[in-house]
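Biologist: Could we go through the side-chain contacts in this model together?

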Amino acid sequence: MSTPTPTDSASSPSAAWASAAPVAPVAPVASPGIAALAPEELRSWVDEQQDFVVIDVRSAAEFESVHIPGSYNVPLPLLSEHTDELASRLGSRVVLACQSGVRAEQARQRLAASGISSAHVLTGGVPGYAAAGGDVVRGKARWDLERQVRMVAGSLVIAGLAGGRFVSPKVRTIAGVIGTGLTFSAATNTCAMGKALTVLPWNKAAQEPTRESAILSLPTPSAENVQAGGAAAKAGVA
């Protein structure tokens, strides 16, 4: 391979630029060990009887209405309060499910901070799994929490606009407050209204999950699962 002469470099602006400002190769970015899990993929895991655990982070009332057989109900507020303890009882394959994926993603982030870096979020939530032909257990029909939030927020906006027209312009402030709250909810991926609605009587189940019934009832992972989970975590950050 011939060495370029000074004349060669001077006659090539690109070569001169390259010699003046060499570009270091960009290292490939490792993909995280956390991924969205399609309902069809979860169905194949179920059919093949693979080793995994499904954590349903919806409210107990939503869980009673419909849930995936064998799943554990650990509502998001309870999970947030005992994240480290829950993480210590989870194996290498964890599937997080909710109504649409929003609360499951919040749970994933909390578990990731506690060392569970191989969790999966079920795409489309439990309804998506049922729509894909997955087996579910159905109970008393209820509106899910996210649907209730949309109804309450929409009703308050309509009330604010109608009140501003027929009662006082100041009533329109309600619509502005709701709009601000929804914007903040989207920006922070939280839902204060949803948390408030969970205390209403129709959103209460006969038996609300507790630390003892929801978290301590989880089977302790085997040594093989713990080692597999550690290997998956290392592979995700390698």
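**Aromatic and charged contacts**

Biologist: How is Trp45 placed, buried or exposed?
Modeller: Trp45 counts as buried, because its relative accessibility is 6% (buried is under 20% relative accessible area, exposed over 50%, partly exposed in between, with a 1.4 Å probe and protein chains only). This is a predicted model: local features need pLDDT of at least 70, side-chain atom pairs count only at pLDDT 80 or more, and totals for chains, interfaces and linings use all residues. Residues are numbered from 1 along each chain as its sequence is written, and side-chain values use heavy atoms, leaving out hydrogens and water.

Biologist: What sits over the ring of Trp45?
Modeller: The charged end of Arg93, 3.7 Å from the ring centre (the rule asks for NZ of Lys or CZ of Arg within 6 Å of the ring centre and within 35 degrees of the ring normal).

Biologist: Turning to salt bridges, how many are there?
Modeller: The count is five, each being a side-chain nitrogen of Lys or Arg within 4 Å of a carboxyl oxygen of Asp or Glu. One of them joins Asp56 and Arg58, with the closest N and O atoms 2.8 Å apart, and both residues are buried.

Biologist: Which residue does Arg103 bridge to?
Modeller: Arg103 pairs with Glu62, again with 2.8 Å between the closest N and O atoms. Arg103 belongs to helix H7 (residues 102-113) and Glu62 to helix H4 (residues 60-65), so the pair ties together parts 41 residues apart in sequence. Helices here are DSSP runs (H or I, at least four residues), numbered from the N terminus.

Biologist: And which residues form a network?
Modeller: Salt bridges link Glu85, Arg211 and Glu212 in a network.

Notes: Helix = DSSP H or I, 4+ residues; strand = E, 2+ residues; numbered from the N terminus.
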